[in-house]
Amino acid sequence: AKAGIGGRRVLKQGPPIERDLHLSLEDLFHGCTKKIPISKRVMSEDGQSSHIQDKLLSIDVQPGWKEGTTITFPKEGDQARGTVPADVVFVVKEKPHPRFTRQQDELTHTAHVCLEKALLGCAVEVETLDGRLLNIGIHELIDHKYTKVVPGEGMPLMRNPRLKGDLVIRFEIKSPKTLAADKKQLLKRALRV
């Protein structure tokens, strides 16, 4: 502690305590409330001894929050003698998702299609984070670079959660492991340009 304006003691604050807040894409899509139990050291009234205090912190996750978003709880951390309690800072970390990866407000999904569908067209079904089943028609030839963009089916925007980013569908083409000689000949004739 050091003297401040008017000779009053100014207490020093300990460094912030950072903790990861692991959230699923569904949590970040819909928003939710997370209750986080913490234990913190607080000074007793005598100013000499301390004790552990348990507390439940509530975090209202907003739709569209991104990895790295921080939530600060002022003075909810440990306290040492002669100091102000430290701040507790939670940092959002996205859990891996089985169907999507996220880049900013875009969601990317990889669809697996056979060679026949890649050449002739197909419909791709994608289950969204809010449980809807999209049936997206693909009428173009699909190659390893082809992507289909579905506007407004990505993550909510932080500044306006009613608006959403895009869904980007990438394709992985499954080729047959073997092909009979007569099928090879048919393909050769069909693919001659």
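Which residues have the most contacts inside the largest nonpolar core? They are I59, F90 and F171, in a core of 35 residues. A nonpolar core here is a set of buried Ala, Val, Leu, Ile, Met, Phe, Trp, Tyr and Cys residues joined through side-chain atoms within 4.5 Å. This is a predicted model, in which local features need pLDDT of at least 70 and side-chain atom pairs count only at pLDDT 80 or more, while totals for chains, interfaces and linings use all residues. Residues are numbered from 1 along each chain as its sequence is written, and side-chain values use heavy atoms, with hydrogens and water left out.

**Core**

- F171, one of the core residues with the most contacts, touches A111, V113, V124, I138, I142, Y146 and K148, not counting residues up to four places away in sequence. A contact means heavy atoms within 4.5 Å.

**Pocket and cavity**

- Rolling a probe the size of a water molecule over the atoms shows where empty space is left.
- On a 1 Å grid over the protein atoms alone, a cavity is a set of points where a 1.4 Å probe fits but cannot get out, and a pocket is an open set with protein on both sides within 12 Å along at least five of seven lines; lining residues have an atom within 4 Å of a point.
- The largest pocket holds about 280 Å³ of space, where a volume is the space filled by probe spheres set on grid points joined across faces, edges and corners.
- L115, E116, L119, L120, S175, P176, L179, L187, A190 and L191 line the largest pocket.
- Two helices, α2 (115-120) and α3 (181-191), each supply at least two residues of that lining, and α2 gives the most, with four. Helices (H or I, at least four residues) and strands (E, at least two) are DSSP runs numbered from the N terminus.
- Eight nonpolar residues, one polar and one charged make up the pocket lining. In these classes, Ala, Val, Leu, Ile, Met, Phe, Trp, Tyr, Cys and Pro count as nonpolar, Asp, Glu, Lys and Arg as charged, and the others, Gly among them, as polar.
- The structure has one cavity of 30 Å³ or more, and the largest cavity has a volume of about 40 Å³.
- F29, F100, L107, T128, L129, D130, R132, E153, G154 and K164 line the largest cavity; by class they are four nonpolar, two polar and four charged.

**Around β10 and β11**

- D105 sits in the loop between β10 (101-103) and β11 (106-114). Why does D105 count as buried? Its relative accessibility is 16%, and buried means under 20% relative accessible area, exposed over 50% and partly exposed in between (1.4 Å probe, protein chains only).
- The side chains of D105 and K66 are joined by a polar contact of 3.1 Å. Such a contact is a pair of N or O atoms within 3.5 Å; within protein, one must be able to donate a hydrogen and the other to accept it, and residues adjacent in sequence count only if both atoms are side-chain atoms.
- Leaving out residues up to four places away in sequence, D105 touches K66, G154, M155, P156, L157, G165 and D166.
- Q104 is in the loop between β10 and β11 too, but counts as exposed at 57% relative accessibility.
- T108 belongs to strand β11 and is buried, at 9% relative accessibility. Not counting residues up to four places away in sequence, T108 touches R99, F100, T101, V168 and R170.

**Positive phi values**

- Q104, a residue other than glycine, has a positive phi near 55°.
- K75, also not a glycine, has a positive phi near 60°. K75 lies in the loop between β7 (70-73) and β8 (83-84) and is partly exposed, with a relative accessible area of 48%.
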